[in-house]
Amino acid sequence: MAKTMFDLLEGAMEDLGAEKFKKFISKMTDRTETRVAKGAVEGKDCGDIANLLIEHFTESRALEITLQILRNIKANQTAENLEKEAAANGFSPSVGAGGSAGTATPNPNPGGSSSAVTPTNDVSDKATFIDDKFVELVEKATSMNAVLDILLSKKVINDEQYNDIGSERTEQQKMRRLIREALKASGASGKAVLYDALMVKQPYMMKDLGAP
């Protein structure tokens with residue numbers, strides 16, 4: 001059975017061991033090009049970090065970024081193993097294992113979910129999902145700025161709401177304020193847009209919560 005990008009990245013994180021895993025997380029937050037906030041990685045395990053990488057960068061760049069950081073922290077064997085296993089499962093970096101990774105190109109028919117999931121529920125079902133899963137959505141919230149970008153572009157929230165929510169200290173606080181405050185005026189249609197945004201930016205979380 002083919003492995004998903006999540007499977008591959010989680011396996012690489014587990015292969016690092018505690019010390020190098022800490023170094024990996026440190027590089028995630030101090031590399032200018034990654035722009036991952038420290039608050040987003042604090043207390044996270046291997047699966048959480050794998051999920052965050054995919055949600056933050058999308059599958060097409062998650063492999064590239066991971067390989068770059070692994071080599072930066074001298075986890076060269078883990079990087080080589082990941083690159084070979086990724087290629088065997090339909091994800092092929094543009095440069096070989098000895099150099100810097102390029103963009104990973106997924107197989108057209110990979111074994112796992114794509115980051116660009118198209119939900120099939122109607123507006124009412126999507127809104128009900130957001131209401132029913134409120135507690136879980138808050139607990140598992142990551143990469144909320146990317147979600148806020150979509151809601152702003154769809155005019156579900158305005159600039160003032162975008163800035164107010166984005167200034168919250170934690171991802172959990174952002175999600176809580178978004179659902180409980182900002183989306184009240186837009187009702188079911190706004191929650192449906194949030195559902196779609198989460199399916200695109202955080203598909204693995206949504207799948208874990210039972211989204212189709």
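How many salt bridges does the count come to by this rule? With a salt bridge taken as a side-chain nitrogen of Lys or Arg within 4 Å of a carboxyl oxygen of Asp or Glu, the count comes to eight. This is a predicted model, where local features need pLDDT of at least 70, side-chain atom pairs count only at pLDDT 80 or more, and totals for chains, interfaces and linings use all residues. Residues are numbered from 1 along each chain as its sequence is written, and side-chain values use heavy atoms, with hydrogens and water left out.

**View A. Glu85 pairs up with Lys3.** Their side chains form a salt bridge at 2.4 Å, N to O. Glu85 sits in helix H5 (residues 76-88) and Lys3 in the segment before helix H1 (5-30), so the bridge ties together parts 82 residues apart in sequence. Helices here are DSSP runs (H or I, at least four residues), numbered from the N terminus.

**View B. Asp196 meets Lys126.** The closest N and O atoms of this salt bridge are 2.9 Å apart. Asp196 belongs to helix H11 (residues 187-201) and Lys126 to helix H6 (residues 123-132), 70 residues apart. Lys126 is buried at 10% relative accessibility, while Asp196 is partly exposed at 27% (buried means under 20% relative accessible area, exposed over 50%, partly exposed in between; 1.4 Å probe, protein chains only).

View C. Shared partners join Glu168, Arg177 and Glu181 into one salt-bridge network.

Key:
Helix = DSSP H or I, 4+ residues; strand = E, 2+ residues; numbered from the N terminus.
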